[in-house]
Amino acid sequence: MDFSPLYISLKTAGLATIITFILGIYAARFICKLKKYQGFIDGIITLPLVLPPTVVGFFLLLFLGKNSFIGQFLAVFDINIIFSWPATVITAVVVSFPLMYRTTRGAFEQIDKDLIFAARTENCVPCGVPPAGNTLMVHDKGGVEVELRSSFDGVGIFTKRNQCTVSQH
């Protein structure tokens, strides 16, 4: 029995999921911070949700085909994407990306900014907040007080410059 179709499907789904996960989080974080053109860019990003799959596939053929700018650029390096395994990954990412993006953006929009501002009044400073909705706040009331706001998986860190122990509430 030939398991190559199953292997190709699992490999495509796995790689597309990883790419969509990473790009979806960063795109949602970026769009949430934008002030101008937020609605326009959001509409472009979520367009594959409302278009039929055949139309999305047709647009991908137009953008990646041999006569397109991208196709001609790749032809210089003797790379052909159309009807190849990378094309299946690109298609899976394009179709699934809006779902990840919308879910993640909804999580980012639910983050209570007042908690972050309250932490800053306690002399807690952000130390590189990764693109996620959880917030780890570090205080020094004889220790570290950890608060995880569970909007999405990830941790933003606020630290204080004194001794700390860990307590959770």
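Predicted model: local features only at pLDDT ≥ 70, side-chain atom pairs only at ≥ 80, totals over all residues.
1. Basis. Local features need pLDDT of at least 70 and side-chain atom pairs pLDDT 80 or more, while totals for chains, interfaces and linings use all residues. Residues are numbered from 1 along each chain as its sequence is written, and side-chain values use heavy atoms, without hydrogens and water.

2. Aromatic pairs. The whole structure holds four aromatic pairs (ring centres of Phe, Tyr or Trp, the last by its six-membered ring, within 6.5 Å; planes under 30 degrees apart are stacked, over 60 edge-to-face, the rest tilted). One of them joins phenylalanine 73 and phenylalanine 77 edge-to-face, at 5.3 Å centre to centre and 75 degrees between the planes. Phenylalanine 73 is partly exposed at 46% relative accessible area, whereas phenylalanine 77 is exposed at 51% (buried is under 20%, exposed over 50%, partly exposed in between; 1.4 Å probe, protein chains only).

3. A pair within α6. Phenylalanine 97 and tyrosine 101 count as stacked because their ring centres lie 6.2 Å apart with planes at 20 degrees. Both belong to helix α6 (residues 85-109), four residues apart, so about one helical turn separates them (helices are DSSP runs of H or I, at least four residues, numbered from the N terminus). Phenylalanine 97 is buried at 17%, and tyrosine 101 is buried at 0%.

4. Aromatic cluster. Phe58, Phe59 and Phe63 form one aromatic cluster. Phenylalanine 59 lies in helix α4 and is partly exposed, with a relative accessible area of 35%.

5. Charges over rings. The charged end of lysine 11 sits over the ring of tryptophan 85, 4.6 Å from its centre; that of arginine 29 sits over the ring of phenylalanine 108, at 5.5 Å (NZ of Lys or CZ of Arg within 6 Å of the ring centre and within 35 degrees of the ring normal).

Note on methods: Helix = DSSP H or I, 4+ residues; strand = E, 2+ residues; numbered from the N terminus.
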